[in-house]
Amino acid sequence: MDIDFKEYQLRCELRGHEDDVRGICVCGSEGIATSSRDRTVRFWSLDDRKFVSSKVLLGHTSFVGPLAWISPNSEFPKGGVVSGGMDTLVFVWDLNTGEKVHSLKGHQLQVTGIAIDDADVVSSSVDCTLRRWRNGQSVETWEAHKAPVQAVIKLPTGELVTGSSDTTLKLWRGKTCLHTFEGHSDTVRGLSVMSGLGILSASHDGSLRLWAVSGEVLIEMVGHTAIVYSVDSHASGLIVSGSEDRFAKIWKDGVCVQSIEHPGCVWDAKFMENGDIVTACSDGVVRIWTVDKDNVADQVELDLYTSQLSEYKSSRKRVGGLKLEELPGLEALKIPGTTDGQTKVVREGDNGVAYGWNMKEQKWDKIGEVVDGPEESNSNRQFFDGIQYDYVFDVDIEDGMPTRKLPYNRTDNPYDVADKWLLKENLPLSFREQIVQFILQNTGQNNITFDSSFRDPYTGSHAYVPGQPSRTSDVSAKPTLKHIPKKGMLVFDAAQFDGILKKITEFNKALQSDQEKQNLSLTELNVSRLGAIVKILKDTSHYHSSKFADSDIALLINLLQSWPNAMIFPVIDIVRMLVLHPDGAILLQKHFEAENDILMEVIKKVTVNPTIPANLLTSIRAVTNLFRNSCYSNWLQKHRSEILDAFSSCSSSSNKNLQLSYSTLLLNYAVLLIESKDQEGQSQVLSAALEIAEDENVEVDSKFRALVAVGSLMLEGLVKEIALDFDVLNIAKAAKSSKDTKIAEVGSDIELLSKQK
């Protein structure tokens, strides 16, 4: 198992499209086809290691989306491309001539996906149907979903898989639906095959999922902050995704290992056979990314791309609901204000700075720099009295009275806001319910319950409101939270089994060639036995019925105990997956409960300095996976302190995968210890999670999971007061100001909890 990862760098940019590039098709070794909102398909050929636009395919009358590659055959000696468009048409193109061979008409709405099934073309559409085309004719059509079908792929075994706006995936054999995959909470937008493992899906809910063909979710990947449009995988085990958040993210073993920023939405991302990545961006540019140092763009091109990103972000930056570039310069301060406290925001360099008019001294006093939070969430926020708000309403109380400004944040209690605002504006409290209903209707919060008891915002005392009880309960409702509490356990359930076996074979040969260690090497029979174990683990569709022999478990334990420390990580990786198998988990548990607890032995062995990163990574993930099966709950609680202490160094590791694994371990422990009402254990997890949350060098996903653990423990655990003693409020405020949306959101959740009595 190789835990190293080489970062992708820009190889080249392909310019030619005049609008958003929407789709990519890697055409074997022939080149790349791309589709665009400019109504064209372009084919880029490889010429002396450079890609050039060799053909422009014209015919669609609206933007073009999905593409598929027809390998060279007797009909298409240089291959063909199939394209689908907003114009409801599917075109088949001959790359030898650049001519359109077939125009396939039948769909009623936009074509969203294309798959090649032997000599047939299968297309999906917003009209909820799949169509099968043969020799230019529609031979089959059926309603695949009750909502728009957004994608279709063909599995190596011949079945089709569709993704839909109804949030599901469906597995098809012919026109028969074999299985419906449920799990996403929004539209399933992109699909891909992950060889040997199953199906990848990308969703508007911001997540990616890897599914076994049986329907089981093997792993969920969360990291994007907006709609995920596309997903693809490579033979190396890497996954790439493209999103509206402007990032192409690269994933390994379920963990995001690199985020490539773009100057616009990433509509599509695909791997080439050599591992290079092609991305389609809304700026009209196709980009190729590589890990091959010989193919990386020269420094001038790299600097130019950095400059493009900077210019794009600068043009998008907003202050008080306005683009930075639209703000007036300092010369605007030469114009006197009209009222005391009047606020004006001006541009100073790359920032917006707020000034308030001092009527007494007849000058503008600097209030301070306007600090934006996450770009997407703040792009529509408004500036009022030097402060940003989600909303600033114009309130017309009644005829003859002037319009008043009412600022409001979605995290506020509308009753509290109404009370304070009415007192500030010197308006009667009889307007209270009218103001609250106005806020709820205009923020879409009608279905949320808030504490409506009145407390004077300045004195804290109650007051009589006509038509209301003289005093209401002091118990307030739970706040509405976005990311907490966490329910269920997270696991690391994707594995590169071929790579694991290859590494074990490599180590075994090394032992065989070492005279002093030959006795530790595996026999051919045992090597074959390991292959059989892996075969069972690969076949997730039969987990309910497949079994392991006691001798299988004995073989793995023997390797863990006898092999040199530097060689055991691929064996631990097999154990990591074994504990997710129902029968394997039960058989292995016997050896955990024995006097010579094999797993604790391994943990102690791999965490002794000097540590080996691969050992740490595989072992902490193996422990994390134990949370999936309740039969290990007692063991995990019994050894909680030892386990957390043993792996504590992972939190400060420079290895992002170790950081994430440790945060995931803490999050799972938080869920388990909340269920068991173990206050001592909760306190230990809280302390460790807060340490991660405070560390500025921790990777975003790791910090997010640590913060979710903190919030969950505060909301449903027994340690809220302890958290407050640890100054969790300031940690929450720091998170809330993060430029990463999900960190800011969970920070806001914890801030709400901290202030809740």
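R246 is a buried residue, with a relative accessibility of 7%. In this predicted model, R246 sits in the loop that links β23 (239-243) to β24 (247-252). The backbone of R246 also deserves a look, for its phi is near 80°, a positive value in a residue other than glycine. A second residue of this kind is T88, whose phi is near 75°. T88 belongs to the loop between β7 (80-85) and β8 (90-94), and at 18% relative accessibility T88 is counted as buried, because the cut-off for that class is under 20%. As a point of reference, most residues other than glycine have a negative phi, and most peptide bonds are trans.

The bond from I484 to P485 is cis, with omega near 5°, and P485 is part of the loop between α4 (432-443) and α5. Another cis bond joins N609 and P610, where omega is about -5°. P610 lies in the loop between α10 (598-606) and α11.

The chain holds 19 helices and 37 strands. Of its 757 residues, 55% are buried. Among contacts between residues at least 6 apart in sequence, 51% join residues at least 24 apart.

Which residues of α5 are buried? They are F497, I500, I504, F507, N508 and L511. Viewed down the axis of α5, these buried residues fall within an arc of 105°, so they line one face of the helix. On the face of α5 turned away from the buried side are the exposed residues D498, K502 and K509. The cover over the buried residues of α5 includes α6 (524-538) and α8 (569-578).

Helix α8 also meets a further helix. Two packed helices are described by the angle between their axes and the distance between the axes. For α8 and α11 (residues 613-625), the axes come within 9 Å and cross at roughly 15°. The two helices are therefore roughly parallel to each other, and α8 passes α11 in a left-handed crossing. On the α8 side, the contact is made by F569, I572, D573 and R576. The α11 side contributes A614, N615, T618, S619, R621, A622 and N625.

R640 is found in helix α13 (residues 640-646). Is R640 buried or exposed? R640 is buried, with a relative accessible area of 8%. Apart from neighbours within four places in sequence, the residues in contact with R640 are Y669, D678, E680, G681 and Q684. E301, in helix α1 (residues 299-316), is partly exposed at 37% relative accessibility. E301 and E13 are 288 residues apart in sequence, while their C-alpha atoms are 9.1 Å apart in space.

Methods: Residues numbered from 1 in each chain as written. Predicted model: local features only at pLDDT ≥ 70, side-chain atom pairs only at ≥ 80, totals over all residues. Heavy atoms only, no water. Buried < 20%, exposed > 50% of the residue type's maximum accessible area, 1.4 Å probe, protein only. Helix = DSSP H or I, 4+ residues; strand = E, 2+ residues; numbered from the N terminus. Arc of directions from axis to C-beta. Contact = heavy atoms within 4.5 Å. Axes fitted to C-alpha atoms, helices over the stretch in contact; angles between N-to-C directions. Parallel < 35°, antiparallel > 145°, perpendicular 65-115°, else oblique. Left-handed = near helix turned anticlockwise from the far one by under 90°.
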